[in-house]
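Please open the model in your viewer and keep the selection tool at hand. The stops below go residue by residue.

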Amino acid sequence: MSDFEHIKNQYIEFWKVSGGEKVFKTKGTSMLPLIRESSSIGVEPLAQGEELKVGDIALFNRNDCFIAHRIIGKVRNGTALYYKEKGDHGFSVSTINQDQVVGRVVRIYTDAGTINVAGPLWSAINCAAGYYWQFHAESFALLSRFKKKLLGSRTVPLISNAYSRLYNVLSKLPTLMFRRK
């Protein structure tokens, strides 16, 4: 581990103990349209023993960079806790270890104003989005297994095209609730 990584990790641990919101400037488009590249996010550390809920937007440390994505599920392996995470604008789902979590996004600061995602309305919207993505990911994983069992390695363009179009349409639905001017 480099000196910079060591100092960064010490700072994160100090911040987690001391608490309070820290503001991070965003970069990237994986959470569009809710979090835009010109936005900033307010992040609070999790309390000791606190777990993220489905729908929460978490800031986590992966491959030496911070990423803010939505939690769409939890997986326990013995005493270890893992979260399934996904960006609202992307297609891929990945798993992160609880130790990678830096904190929970509680506010989004934009040119148009501040969104309090920890408030009751946004908590409900985020929860619905999290369960939608969870259902979406698990349904298409099941469809992929079924398609592979049915067709093996053969490809049928008509089925592949229909599958891709359905996936793309259903992937865009939740982003409609985050559109704002």
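Buried means under 20% relative accessible area, exposed over 50%, and partly exposed in between (1.4 Å probe, protein chains only). This is a predicted model, where local features need pLDDT of at least 70, side-chain atom pairs count only at pLDDT 80 or more, and totals for chains, interfaces and linings use all residues. Residues are numbered from 1 along each chain as its sequence is written, and side-chain values use heavy atoms, with hydrogens and water left out.

Select Lys 74. With a relative accessible area of 39%, Lys 74 is partly exposed. Now show the side chain of Glu 51: the side chain of Lys 74 makes a polar contact with it at 3.0 Å (a pair of N or O atoms within 3.5 Å; within protein, one must be able to donate a hydrogen and the other to accept it, and residues adjacent in sequence count only if both atoms are side-chain atoms). The Lys 74 side chain also reaches the backbone oxygen of Leu 52, at 3.0 Å. Leu 52 is 22 residues from Lys 74 along the chain, and their C-alpha atoms are separated by 8.7 Å.

Next, select Trp 15, Phe 24 and Phe 66, which form one aromatic cluster. Rings of Phe, Tyr and Trp (its six-membered ring) pair if their centres lie within 6.5 Å; planes under 30 degrees apart count as stacked, over 60 as edge-to-face and the rest as tilted. Trp 15 and Phe 24 are an edge-to-face pair, 6.3 Å centre to centre with 65° between the planes. Trp 15 is buried at 2% relative accessible area, whereas Phe 24 is partly exposed at 21%.
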